[in-house]
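Please open the model in your viewer and keep the selection panel at hand.

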Amino acid sequence: MAVRVTAGAPSTPASRSRADASRGLLAGELARVRAQAENWRNGLAALLGLLTAVGIVKGPDTLQGLSGGARGAVGLLLLGGLLLAAGGAFFAMRAAFGLPRRRVADASLEELLTRERLTVRRAVRDLRRAIAAGFLALAVVTAGIGLTWYGPRPGEPGVQIVLTDGSALCGTLVGMDAKGLRIRVKEVERRVPSGRVGSAKSVPSCP
Amino acid sequence: MTDQQPLYRAESDPDWNTVAAGTARVTLHPDESAPEVIVVSGPCPRCHHETVHAEPLITYANALDGSGLLARLLLRRAAATGSRDVEVICACTATHPEAGERSGCGASWVLHVEWGV
């Protein structure tokens with residue numbers, strides 16, 4: 001590819017004003033993009049802080065009773081959300097503040113200008129990545145929290161009683177007194193005299 | 001020796017366009033296939049001091065604005081078409097009388113730059 005330069009049309013006051021304005025356009029560009037990135041960084045941090053607060057309030061006890069598959073899915077979703085949030089935070093901060101590194105000094109003004117353009121372009125790209133990662137983290141963590149609330153729970157916790165004849169009953173303990181205990185098995189209340197009770201223990205769910 | 005330098009005057013002359021077209025060094029950055037800025041360097045046709053001008057083809061003034069995206073798409077198409085009139089204002093570092101805070105001698109000239117030819 002070649003570049004050809006010829007004399008242009010005569011200058012006008014309007015074209016001169018535009019040329020004056022364009023001189024300042026490049027100068028403040030990186031600062032403007034970095035200021036935007038810093039504001040987005042603060043917004044995304046607040047958003048993810050809200051998620052953290054929700055997660056703490058609900059706590060790990062909400063995983064109780066969830067099926068094994070659901071627990072695994074919740075774990076993966078929360079881990080994925082955390083990694084996305086960390087990645088988004090890194091991109092936002094790199095867009096806002098840059099990342100100093102050792103490099104060969106620019107030998108000419110052209111190289112310096114090129115590097116400045118590339119820096120601005122990289123900052124814009126990082127900002128977009130940060131926003132995408134931030135909202136994706138929000139979606140993933142929301143899905144994980146939703147699964148803990150509405151995920152499949154195979155059975156309700158209950159009491160398993162082994163009788164002296166070897167048979168077993170599993171259900172919800174309704175009440176107990178000196179004569180025996182009452183247990184609800186599949187919606188039917190049954191009474192078991194104390195003398196027939198061999199052992200009893202609580203179970204996470206009845207079959 | 002500021003009294004030997006031409007006075008600062010914001011003016012242009014079509015003859016300067018022709019002179020500068022022969023002496024200017026023009027490069028596109030980062031590359032000619034997708035340029036974002038045109039860099040023009042060379043002597044000012046009025047005061048003869050070296051000056052450099054960077055003409056933006058792509059800007060990121062509002063990186064996420066919808067209209068900004070459209071403007072950038074349009075600008076990218078403009079950048080892809082391969083020509084632009086660039087008005088260069090002298091920004092030499094010499095001290096010119098009556099320049100005040102401004103740099104250069106005040107002269108401006110227009111170059112027609114084509115790329116991909």
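How much area is buried between chain B and chain A, and what share of this area do carbon and sulfur atoms give? In this predicted model, the buried area is about 3700 Å², with 57% given by carbon and sulfur atoms.

Begin by selecting both sides of the contact: chain B contributes 51 residues and chain A contributes 37 residues. Three salt bridges cross the interface of chain B and chain A. To view a salt bridge, select A:R121 and B:E36, whose side chains meet at 2.6 Å, N to O. Polar contacts across the interface of chain B and chain A number 10 residue pairs.

Next, colour chain B by element. Among the elements giving two or more residues to the side of chain B that touches chain A are β4 (50–56) and α2 (66–81). The most is given by β6(B), with eight residues. Coloured by class, this side of chain B shows 27 nonpolar, 15 polar and nine charged residues.

Now turn to the largest nonpolar core, which has 22 residues. Select B:I38, B:V40, B:W109, B:L111 and B:V113, the residues with the most contacts inside this core. In chain B, α1 (14–23), β2 (25–29), β3 (37–43), β5 (83–89) and β6 (107–115) each supply at least two of its residues; β6(B) supplies the largest share, five residues.

Centre the view on B:L111. This residue touches residues of chain A, including A:V5, A:T6 and A:G8, and residues of chain B, including B:V40, B:V86 and B:V88.

Finally, select A:V159, A:I161, A:L169 and A:L181, which belong to a second, separate core of eight residues.

Methods:
Residues are numbered from 1 along each chain as its sequence is written. Chains are lettered from A and ligands numbered from 1 in the order in which they are written. This is a predicted model: local features need pLDDT of at least 70, side-chain atom pairs count only at pLDDT 80 or more; totals for chains, interfaces and linings use all residues. Side-chain values use heavy atoms; hydrogens and water are left out. A nonpolar core is a set of buried Ala, Val, Leu, Ile, Met, Phe, Trp, Tyr and Cys residues joined through side-chain atoms within 4.5 Å. Buried means under 20% relative accessible area, exposed over 50%, partly exposed in between (1.4 Å probe, protein chains only). Helices (H or I, at least four residues) and strands (E, at least two) are DSSP runs, numbered from the N terminus. Contact means heavy atoms within 4.5 Å. Buried area is the accessible area (1.4 Å probe) that two parts lose on being put together, summed over both. A salt bridge is a side-chain nitrogen of Lys or Arg within 4 Å of a carboxyl oxygen of Asp or Glu. A polar contact is a pair of N or O atoms within 3.5 Å; within protein, one must be able to donate a hydrogen and the other to accept it, and residues adjacent in sequence count only if both atoms are side-chain atoms. Ala, Val, Leu, Ile, Met, Phe, Trp, Tyr, Cys and Pro count as nonpolar, Asp, Glu, Lys and Arg as charged, and the others, Gly among them, as polar. Lists of a residue's contacts leave out its neighbours within four places in sequence.
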